[in-house]
Amino acid sequence: MKPIKSLCVCAIAAASALTAAGADPVETRAHFSTNPGDAVGRAASITIDGDYTDWSDDMIIATCGANDMATAFKGSHENCVLDLYTVYAAWDDKNLYIAWQMCNTGDTWARPGDGPLTDYGRVGNVPLIVALSVDPSATPMTGMLKDGRFIWGDNASNGVKFSSHVDHLFFMSGKVGDGEPAMFTAVDAAGNTDYAGGCTTFRSSGITYKMAEGFAPSHLWRQRTTAEWATPTELISDPSVLENIYDADCYDNLKDGIPTGLKPHDYKYDSFYEMQIPMSLLGINREWLEANGIGCRVIATRGESAIDCCPFDPSMVDNTFGEYGKDNSTTHEKDDIDIITYATASIGKIRTGVVDPLPDPNPGPDPDPNPGPEPEPDPVDGNYTVYFDNSSSNWSVVKTWIWDEADANRNYTGGSWPGADMRLDNESGYYKYSFECTATNPKLKCIFNPGGDNGKTADLDLVNNGIYNAGGFVKVYQSGIESSVSDNDIEPVYYNLQGLRIDRPATSGVYIMRKGTETTKIFVK
């Protein structure tokens, strides 16, 4: 077994974390890596079924080491081991797939029933976060709510902040099936979010995730150093041993054999998570992803603050030997504020010079230096219809409240809350409501509710022929039309959020694009 090193010269360790001019630092020390060998994942269709055999080493976009988190040095007796090891990425024409390996090597030294092996060594009901940077020009998220608290937290004193750019945060429980997992985006210029307009549930948007027992990577590099407390005030080992996580010589590959003094590792204690995100939800498509790339990081928390992340960030261990407020025998990393500054891992392409999402895939010739007036949109016939998918809500009554934000006196559902009844439409299978609006340039809004305030949706932009559910807009209803022509051979058709057909979007905003049988919401800068 190689001797343990104690690196006391922090400059030596810091020098091996590479930083590009004007960019976030990239972690490359020891067995930490970000896009090793420029790996960015690969195109593949993944079945989200709690089976990791769809995934392979060539999809790995970031790595950490095992047993390198703060609790390995203070609080190793605790349960719910949060130890991120690798992050994977894949994609196909419709979905982005992300996976991450978590490990629990506590069985190499602990007894059955000890803290790290309780509940079969599983990750408990604690928040896991997938952070994405899709559009670097978009407002960077802080990780906080508008009221000053942290997302999925109950205070402002501990949590995760972001200095490196992210614009989508996906929160879910480590115990699949617990809680209401959701995606968050910024709702103000400061980059804060909320549980209304900034929150989209997995259930309403087609995001899924599963967990499988076991270990997928072909290697398992475990950092062997520990540093524990004899008493709450007396550290057995010098705190400088924490620097060993940055030294490759302080790791053993458990796939090559078990070091003297340790017990064999049983991979049943490890947890592999896989996740599917519709690309339309991110406002991108496969071609854009492969041409520009997006950034990704996975973060494990104890419900208050981060304890590990991949790609790794030094904020995960900057308060290792401080005292946790509720138990001074464990680490302050569980309830500090972590500000993540290191770079995300790239998916699809190493990110350099990223352009806005969804550029014109077929740009025309140079613009006419003397352009004529903008083309007029198709005339409005004044007939509007909205649909509601009640399959997941199971409301006994479905009502809608529709008004014109441009003129509060215009109400199209009777003018008395909670609005008009929606009737089940046999042709579409959805609840349906139609009305007439002849106003010029209306700004129609809608709310769907089960007969009152309890359970009602947010205030939503009304899309003509739009299908909604309790989470918001889903897609445009297409009257059951089935296309016998490949979608690749069909020119896209565009609509504004009032459901009016337009030419290719010429100004910034949100639009609906229909191509054959596929309908997508797009964002134009």
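## Exercises on Selected Residues

A polar atom of the Thr63 side chain lies 2.8 Å from the backbone oxygen of His31. The model is predicted, and local features need pLDDT of at least 70, side-chain atom pairs count only at pLDDT 80 or more, and totals for chains, interfaces and linings use all residues. Residues are numbered from 1 along each chain as its sequence is written, and side-chain values use heavy atoms, with hydrogens and water left out.

**Exercise 1.** Describe the place of Thr63 and the residues with which Thr63 is in contact.

*Solution.*
- Step 1: Thr63 belongs to strand 5. Strands (E, at least two residues) and helices (H or I, at least four residues) are DSSP runs, numbered from the N terminus.
- Step 2: The relative accessible area of Thr63 is 10%, so this residue is buried. Buried means under 20% relative accessible area, exposed over 50%, and partly exposed in between (1.4 Å probe, protein chains only).
- Step 3: Apart from neighbours within four places in sequence, Thr63 is in contact with His31, Phe32, Ser33, Tyr85, Thr86 and Cys310. Contact means heavy atoms within 4.5 Å.
- Step 4: With Ser33, the link is a polar contact between the two side chains, at 2.6 Å. A polar contact is a pair of N or O atoms within 3.5 Å; within protein, one must be able to donate a hydrogen and the other to accept it, and residues adjacent in sequence count only if both atoms are side-chain atoms.

**Exercise 2.** State the geometry of the peptide bond from Cys310 to Pro311 and that of the bond from Trp417 to Pro418.

*Solution.*
- Step 1: The bond from Cys310 to Pro311 is cis, with omega near 0°. Pro311 sits in the loop between strand 20 (306–310) and strand 21 (323–324).
- Step 2: The bond from Trp417 to Pro418 is cis, with omega near 15°. Pro418 sits in the loop between strand 27 (407–411) and strand 28 (420–421).

**Exercise 3.** Is Cys80 buried or exposed, and is Tyr120 buried or exposed?

*Solution.*
- Step 1: Cys80, in the loop between strand 5 (60–63) and strand 6 (84–91), has a phi near 55°, a positive value in a residue other than glycine.
- Step 2: Cys80 has a relative accessible area of 13% and is therefore buried.
- Step 3: Tyr120, in the loop between strand 7 (95–102) and strand 8 (127–133), has a phi near 60°, again positive in a residue other than glycine.
- Step 4: Tyr120 has 66% relative accessibility and therefore counts as exposed.
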